[in-house]
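Dear colleague,

I am handing over the structure below, followed by some notes on what was found in it. Please read them with the model open beside you.

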Amino acid sequence: MEFFGHVIDGEEVESRDGARFDSVDPWTRRPWAQVALGSRDDVDRAVAAARRAFDDGPWPRMGYAERGRVLRRLADLVEANKERLGMADTRDMGKPVTQSIGNDVDRSAHNLRFFADHAQLAAADRLPMDSGHHAYTAYGPAGVVAAISPWNFPLMLETWKIAPALAWGNTVVLKPAEDTPSSATLLARLASEAGLPPGVLNVVHGYGPQAAGQALTESAAVDRITFTGASSTGRAIAQIAGGNLVPVSLELGGKGANIVFGDADLDNAVDWSIRAIFTNAGQVCLAGSRLYVQRDIYDTFLDRFTAAAEAMVIGDPSEPGTQLGPLASQEHYKKVSGYVETIEAQGGRIRTGGLGSGWVVRPTVVTDMPQDAPHCREEIFGPVVVVAPFDTEAEAVALANDTPYGLNAMVFTENLSRAHRVSAALRAGTVWVNCFFIRDLRAPFGGAGASGVGREGGDFSREFFTEPKAVVMQIDQG
């Protein structure tokens with residue numbers, strides 16, 4: 001089996017106590033790699049390295065152009081090693097290789113290049129004043145960033161966090177999810193090859209509560225915490241960070257509503273709606289797991305949508321033709337299968353889908369489910385969608401907003417006025433109209449309510465990963 005260690009102060013190392021854990025391939029359900037199991041001691045070493053690199057090292061003192069060149073070299077190396085990086089995520093969590101290599105690696109390289117450019121090109125405020133004074137803003141790096149990434153898009157969301165942090169001159173301690181450790185070590189190896197100084201990007205593997213993750217968030221030497229994951233974990237991190245007065249960015253769960261109006265382009269709506277719930281086996285915080293269809297097209301849409309779900313190719317995620325693989329872990333399979341097994345008891349009907357072999361849940365389309373059932377209220381995080389009809393625009397908006405989450409929504413309509421009107425009325429951080437998962441990295445990303453705190457992307461990432469400073473100068477003594 002392969003071994004993936006921590007990366008601390010530029011070196012790949014074992015845990016101090018020699019502890020390891022297995023990374024399990026969800027398709028074969030057998031270990032494929034061993035990983036260093038971090039303790040508080042290992043976290044302390046990594047944070048100390050990041051602290052030295054920030055306080056005394058060259059990285060925060062480089063110009064934007066020089067840091068940008070290193071990040072662009074890293075992006076080039078990510079692309080040059082895309083098969084290795086993509087297959088690592090596939091082996092760790094069962095994502096079809098066409099998605100991990102064909103999408104996630106490319107978007108990871110784009111994250112690095114975008115923030116390298118953005119930091120160099122972003123404009124600060126110039127504030128001319130009366131009485132012979134002038135003010136301007138400066139954006140210096142915040143310090144040591146604790147980045148905790150999820151298991152559903154390992155490499156892509158690791159780079160989403162570290163790229164802006166590094167571009168603005170911070171140092172980072174990254175803790176990837178314990179289910180998907182390998183791409184983080186591979187990325188850190190490539191970062192050293194690209195010329196990142198020792199201690200600027202550190203990786204510590206391990207678990208969360210009462211383990212490496214908690215130790216990282218509790219560290220008094222950390223200046224920022226960015227986390228993507230479950231809402232319950234986000235609440236715990238926010239409490240810890242509040243005690244230390246450390247700013248946090250929390251991108252948490254979702255229960256996205258997908259609204260299809262009667263005037264929608266049906267082919268387009270079906271195609272995007274399938275992708276919105278079944279991409280990555282539904283293990284997407286942005287998944288359109290609540291699908292509301294206007295009654296006059298409900299039966300026609302449902303027939304087409306069900307047929308498309310049944311046509312998806314399920315199988316070995318390392319095979320190029322596979323569209324849906326297993327869920328990421330045995331623990332997660334037990335969670336999702338528990339929802340599937342209780343559909344009928346809750347009053348719903350399985351139109352198609354259900355449990356497959358191993359850790360596979362087939363694309364599952366559910367109808368007739370009461371709106372107060374857990375399947376409509378809670379984040380299942382699997383390939384399970386509840387479909388329901390609606391009559392009026394006001395009813396659709398009310399159904400979509402009837403959730404503690406507020407991460408995203410989708411609207412399918414050919415009526416431009418309705419598209420603007422409904423987008424404005426939806427309580428969501430992102431609204432996609434006639435599409436899904438299309439991103440502009442300048443735009444804010446995050447959610448309301450149980451979906452998180454803060455926004456990242458473009459200037460929003462700059463605000464979080466820097467300490468904005470006002471400089472006021474006297475320029476005329478007359």
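A polar atom of the side chain of asparagine 202 lies 2.8 Å from the backbone oxygen of glycine 199, and the backbone nitrogen of aspartate 9 lies 2.9 Å from a polar atom of that side chain. This is a predicted model, in which local features need pLDDT of at least 70 and side-chain atom pairs count only at pLDDT 80 or more, while totals for chains, interfaces and linings use all residues. Residues are numbered from 1 along each chain as its sequence is written, and side-chain values use heavy atoms, with hydrogens and water left out.

Asparagine 202 sits in strand β10 (residues 201-203), strands being DSSP runs of E of at least two residues and helices runs of H or I of at least four, numbered from the N terminus. Asparagine 202 counts as buried because its relative accessibility is 0%, where buried means under 20% relative accessible area with a 1.4 Å probe, protein chains only. Leaving aside residues up to four places away in sequence, asparagine 202 touches several residues, including Val7, Ala46 and Val172 (contact means heavy atoms within 4.5 Å).

Val172 is also among the residues with the most contacts inside the largest nonpolar core, which has 109 residues; such a core is a set of buried Ala, Val, Leu, Ile, Met, Phe, Trp, Tyr and Cys residues joined through side-chain atoms within 4.5 Å. Helix α5 (residues 154-167) gives the most to this core, with 9 residues. A second, separate core of 24 residues includes Ala50 and Val204.

Best regards

Note on methods: Buried < 20%, exposed > 50% of the residue type's maximum accessible area, 1.4 Å probe, protein only. Polar contact = N/O pair within 3.5 Å; in protein donor to acceptor, adjacent residues only side chain to side chain.
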